[in-house]
Amino acid sequence: MTAELSPDDAIAAHFVGNLWTAIRVAGGPYPDTDDHHVFRELFDPTWLEQLALPIGDDRPAAQTVALGEAMRFDRPNTDEGLATAYATRPRTRIYEGIDARSGGWPAA
């Protein structure tokens with residue numbers, strides 16, 4: 001007997017399957033720390049655009065957001081600064097833990 005996947009489980013299965021394939025191609029799961037790979041076609045951008053952000057606008061005011069690009073992380077101090085920085089150069093938004101505000105964890 002096979003169970004049907006929920007829509008969320010189907011999204012997760014697709015995401016993890018593609019990601020694991022890229023990790024294995026890159027020599028993972030534990031590649032050298034200086035061995036970076038870019039897989040631009042890993043996910044179809046139209047598929048990614050339809051996924052909701054897990055927090056979105058419901059982010060607590062005290063929770064910091066980092067904009068990440070390669071190994072550079074910027075943390076605008078205000079919501080307006082975040083919106084401006086993202087509009088100027090879109091990057092990955094990283095919603096940090098409410099108590100997280102260190103420069104050490106991105107390198108890990």
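**Figure 1. Salt bridges around D74.** R72 and D74 form a salt bridge whose closest N and O atoms are 3.2 Å apart; the term stands for a side-chain nitrogen of Lys or Arg within 4 Å of a carboxyl oxygen of Asp or Glu. This is a predicted model, in which local features need pLDDT of at least 70 and side-chain atom pairs count only at pLDDT 80 or more, while totals for chains, interfaces and linings use all residues. Residues are numbered from 1 along each chain as its sequence is written, and side-chain values use heavy atoms, with hydrogens and water left out. D74 also forms a salt bridge with R91, and here the closest N and O atoms are 2.7 Å apart. Because R91 lies in the loop between α3 and β3 and D74 in strand β2 (residues 72-74), this pair ties together parts that are 17 residues apart in sequence. R91 counts as buried, at 10% relative accessibility, whereas D74 counts as partly exposed at 22%. For these classes, buried is under 20% relative accessible area, exposed is over 50%, and partly exposed is in between, with a 1.4 Å probe and protein chains only.

Figure 2. The C-alpha atoms of D74 and A85 are 8.9 Å apart in space, and the two residues are 11 apart in sequence.

**Figure 3. Salt bridge between E69 and R89****.** The closest N and O atoms of E69 and R89 are 2.9 Å apart. E69 belongs to strand β1 and R89 to the loop between α3 and β3 (92-95), so described because the pair links distant parts of the chain, 20 residues apart. E69 counts as partly exposed, at 35% relative accessibility. R89 is also partly exposed, with a relative accessible area of 35%. A search of the whole structure finds 3 salt bridges.

**Figure 4. Aromatic cluster of F15, F43 and W47****.** The structure holds 2 aromatic pairs. Rings of Phe, Tyr and Trp (its six-membered ring) pair if their centres lie within 6.5 Å; planes under 30 degrees apart count as stacked, over 60 as edge-to-face and the rest as tilted. The rings of F15 and F43 are stacked, with centres 5.0 Å apart and planes at 10°. F15 lies in helix α1 and F43 in the loop between α1 and α2 (45-49), so this pair ties together parts 28 residues apart in sequence. F43 is buried, with a relative accessible area of 11%. F43 pairs with W47 as well, and this pair is stacked at 5.7 Å centre to centre with 15° between the planes. W47 is buried, as is F43.

**Figure 5. Nonpolar surface patch on F15, V16 and L19****.** The patch made by F15, V16 and L19 covers about 240 Å². Patches are made of residues with over 30% relative accessible area and no salt bridge; like charges are joined within 9 Å, and nonpolar side chains (Val, Leu, Ile, Met, Phe, Trp, Tyr) within 5 Å. Helix α1 (residues 7-25) contains F15, which counts as partly exposed at 35% relative accessibility.

**Figure 6. Largest nonpolar core****.** V65, L67, L82, A85 and Y95 are the 5 residues of this core. A nonpolar core is a set of buried Ala, Val, Leu, Ile, Met, Phe, Trp, Tyr and Cys residues joined through side-chain atoms within 4.5 Å. At least two core residues come from each of β1 (65-69) and α3 (79-88). Not counting residues up to four places away in sequence, L82 touches R59, V65, L67 and P76.

**Figure 7. The chain as context for the close-ups.** The chain has 3 helices and 3 strands, which run α-α-β-β-α-β from the N terminus on. Helices (H or I, at least four residues) and strands (E, at least two) are DSSP runs, numbered from the N terminus. Of the 108 residues in the chain, 17% are buried. The accessible surface of the chain comes to about 8,500 Å², and 55% of this belongs to carbon and sulfur atoms; areas come from the Shrake-Rupley method with a 1.4 Å probe, and for residues only the protein chains shown count as cover. Among contacts in the chain with a separation of 6 or more, 53% are between residues 24 or more positions apart.

Note on methods
Contact means heavy atoms within 4.5 Å.
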